[in-house]
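Here is a brief report on helix packing and aromatic contacts. Look at the sequence and structure first.

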Amino acid sequence: QIKPGTAEWICKKEKIRWLGAQKLYDPDYNVAVGAKYFAYLKKSLHSKGFKYINAYNLGINNLQRLPASTQKQHPYYEKVISNYLEIYENLKKIRSNI
């Protein structure tokens, strides 16, 4: 999910048609806009996962206010990585059964 203000900003920046906050209830539109924002963060933060994952949750300005030493230990980052690894392992198991 992406906040309306952030969604509108990234749409203008990336020249995506902004369809309004109500359209964010459409999962396809929400994911498309959110993915553009995520890609922007990834590029802006030099592909450092702990930075762009936290920036997606906290906002880039709030991330930059955190001491660098705590950015990797932020609970949101740890939760995302943990979920990712669990899903990845489950997909590997499914794939090996095919």
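**Helix packing**

This is a predicted model. Helix α1 spans residues 4-13, and helix α2 spans residues 27-44. Their axes lie 10 Å apart and pack at an angle of about 70°. That makes α1 roughly perpendicular to α2. The crossing of α1 past α2 is left-handed.

Which residues in α1 meet α2? They are Thr6, Ala7, Trp9, Ile10, Cys11 and Lys13. On the α2 side, the contact uses Tyr29, Val33, Lys36, Tyr37 and Tyr40. The residues of this contact divide into eight nonpolar, one polar and two charged.

**Aromatic rings**

A search of the whole structure finds eight aromatic pairs. Two of them are described here. The ring planes of tyrosine 37 and tyrosine 40 sit at 20°, with centres 6.5 Å apart, so the pair is stacked. Tyrosine 37 and tyrosine 40 are three residues apart in helix α2, separated by about one helical turn.

For phenylalanine 38 and tyrosine 52, the ring centres are 5.2 Å apart and the planes stand at 85°, so the pair is edge-to-face. This pair links distant parts of the chain: phenylalanine 38 is in helix α2, while tyrosine 52 is in helix α3 (residues 49-58), 14 residues apart.

| Residue | Relative accessible area | Class |
|---|---|---|
| Tyrosine 37 | 8% | buried |
| Tyrosine 40 | 22% | partly exposed |
| Phenylalanine 38 | 30% | partly exposed |
| Tyrosine 52 | 12% | buried |

Trp9, Tyr37, Phe38, Tyr40, Tyr52 and Tyr56 form one aromatic cluster. Trp9, Tyr37 and Tyr40 are also among the residues where α1 and α2 meet.

Technical notes
Residues numbered from 1 in each chain as written. Predicted model: local features only at pLDDT ≥ 70, side-chain atom pairs only at ≥ 80, totals over all residues. Heavy atoms only, no water. Axes fitted to C-alpha atoms, helices over the stretch in contact; angles between N-to-C directions. Helix = DSSP H or I, 4+ residues; strand = E, 2+ residues; numbered from the N terminus. Parallel < 35°, antiparallel > 145°, perpendicular 65-115°, else oblique. Left-handed = near helix turned anticlockwise from the far one by under 90°. Contact = heavy atoms within 4.5 Å. Nonpolar A, V, L, I, M, F, W, Y, C, P; charged D, E, K, R; others polar. Phe/Tyr/Trp six-rings, centres within 6.5 Å; stacked < 30°, edge-to-face > 60°. Buried < 20%, exposed > 50% of the residue type's maximum accessible area, 1.4 Å probe, protein only.
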